[in-house]
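This briefing concerns a single protein chain. Please view the sequence and the model together before reading the points below.

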Amino acid sequence: MSGPRMNYEALSSSDGLATGIWRQMYEIIKNANVIIDRSENPDIQWETDTQKDEYVAEAKFFRAYAYRILVQLYGGVPIIRNEIGVATNDLSRDSKEEVYAFIEEDLLAAIEDLPEVTEVLPGRIAQAAAYHLLAEIYVATEQWQKAINAASEVINNPNYELMKSRFGSRASETGDVYWDLFRIGNQNRTSGNMETIWAIQAEFQTPGGGDETGARGFTLERAWGSRYHSLKDPNGANGFEVGDQYGRPVGWCTLTDYLAYDIWDIDQDGVYDTDMRNSSNNIHRYERGDFVYNNPNSEFFGQVAELETVESQAPRYWFPYFMKNTTPNNHPGGIVNTGRIWRDQYLMRLAETYLLRAEAHLGNGDQPSAAADINVIRDRSNATPVASGDVDINFILDERARELAMEEFRTLTLQRLELQYERTRDLNIWAGPTIAPHNNLWPIPQREIDLNTGAELTQNPEY
């Protein structure tokens, strides 16, 4: 889906999702302000001469990251620059331009003191993460050359490179380098992965990650995988059972045709092109014969589940299954019944930096340079190069979907471009009929408006 729900008419100022993200982001901002302000306490004994500056830089990065989410979802929001020690009820909205300027200020300051690369502590913030986010901010504000320069700081840094050869924990198995990117243990630099800029640490038995009870951990498998284990075989018996190969997806986010089919090149005989990201390693498809009945009690055990047999059943049971969202034959602790994965999760990797720079080149009127950056990504995936004349924002969005589906926060990307309404209307058969132009912004939570009695916290139009 290209939005927070299937019914945009339910998106209101009392909506739980809109309210929850607002509060979570301001919680990050509050914590960042505490770190920044209290770092000046003369009683603190720092372990090294640079520790204070690095902690403040990291706090400024997270404050900028939180404001990036807020401004792209809600537009202009209150900027809170310092720790607030008393109850406050007189906040007002700063403009979108002021919020973006504040983000830029924080990121430029952070870059001065962040380490160039973090080798010892995976998940910590390095300069490249700040430059990557800065490039996005400059694209959002149409400062094209600054965006190109910021992205180039990452792309030209010898500490980062696009992975083009097999690597990591399962490189000896059948697969490819794109498949390797999403295997357990392969997200950090210790695996040889030079593409990661920032990954959340969520592996099995990592503090804050998953544990032996099946608690916590990202629910990507449950959300994005087809509920294959509910499919019947041609006799009407259970053809599949939950197992380590495919896990326990539920199909919360049934794919649109756009993501499942339309963005992939298919010839007149229905054969997909050579794009690695759409190979059987990386997307399992019934029409390609990638699923095999695995229930030993089925008469069809071991046989291919053919599309014409399963497509009469519920669509959430048989849509294409993106393997980046599961850990095939490697569910940690033998836990396969939760639909969770316990793998570190990318928030930034170099492939996206190339696509941000391509967007900046396009905005700057340089289609050949935009195509060159896109083709770096497509070459890694053995996909047909794009001609410069075919590059527009829609092609870049399609390429982001091919490369970053279920990784990028697609809603933020579309709302940054003010294309959430248009793209959802045209490409999402479920949410499209309910979306309206004002949904390019989310509503300011009514609770925040009601509590802010000392000043007017204005609502976005038509909410």
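The model is predicted; local features require pLDDT of at least 70, side-chain atom pairs count only at pLDDT 80 or more, and totals for chains, interfaces and linings use all residues. Residues are numbered from 1 along each chain as its sequence is written, and side-chain values use heavy atoms, with hydrogens and water left out.

**Overall form**

- The chain contains 15 helices and four strands, where helices (H or I, at least four residues) and strands (E, at least two) are DSSP runs numbered from the N terminus.
- Its radius of gyration, taken over C-alpha atoms, is 23 Å, close to the 23 Å that the globule rule gives for 463 residues, so the chain is as compact as a globular protein of that length. The globule rule is 2.2 Å times the number of residues to the power 0.38.
- The C-alpha trace spans about 75 × 55 × 50 Å along its principal axes.
- Of the 463 residues, 53% are buried; buried means under 20% relative accessible area, exposed over 50%, and partly exposed in between (1.4 Å probe, protein chains only).
- Contacts (heavy atoms within 4.5 Å) between residues at least 6 apart in sequence join residues at least 24 apart in 67% of cases.
- The accessible surface comes to about 19800 Å², and 47% of that surface belongs to carbon and sulfur atoms. Accessible areas come from the Shrake-Rupley method with a 1.4 Å probe, and for residues only the protein chains shown count as cover.

**Helix H2**

- Helix H2 covers residues 51-74; its 24 residues should span 34 Å at 1.5 Å a residue, in agreement with the 34 Å between its end C-alpha atoms. The expected span is 1.5 Å times one less than the number of residues.
- H2 is mostly covered, with 18 of its 24 residues buried.
- Glycine 75 follows H2 and has a positive phi, near 85°.

**Salt bridges**

- The whole structure holds 32 salt bridges, each defined as a side-chain nitrogen of Lys or Arg within 4 Å of a carboxyl oxygen of Asp or Glu.
- Glutamate 403 pairs with arginine 277, their closest N and O atoms being 3.0 Å apart. Glutamate 403 lies in helix H12 and arginine 277 in the loop between helix H8 (257-262) and strand S2 (283-284), so this pair ties together parts 126 residues apart in sequence. Glutamate 403 is buried at 0% relative accessible area, and arginine 277 is buried at 2%.
- Arginine 349 forms a salt bridge with glutamate 407, with closest N and O atoms 2.8 Å apart. This pair links strand S4 (residues 345-349) to the loop between H12 and helix H13 (410-416), 58 residues apart. Both arginine 349 and glutamate 407 are buried.
- Glutamate 408 and arginine 410 form a salt bridge whose closest N and O atoms are 2.8 Å apart. Their relative accessible areas are 12% for glutamate 408 and 15% for arginine 410.
- A network of salt bridges includes Glu195, Asp275, Arg277, Arg349, Glu403 and Glu407 among its members.

**Surface sites**

- Met6, Ile429 and Trp430 make a nonpolar surface patch of about 300 Å². Patches are made of residues with over 30% relative accessible area and no salt bridge, joining like charges within 9 Å and nonpolar side chains (Val, Leu, Ile, Met, Phe, Trp, Tyr) within 5 Å.
- Methionine 6 sits in the segment before helix H1 (16-38) and is partly exposed, at 41% relative accessibility.
- Aspartate 392 lies in the loop between helix H11 (367-380) and helix H12 (393-404) and is partly exposed, at 37%.
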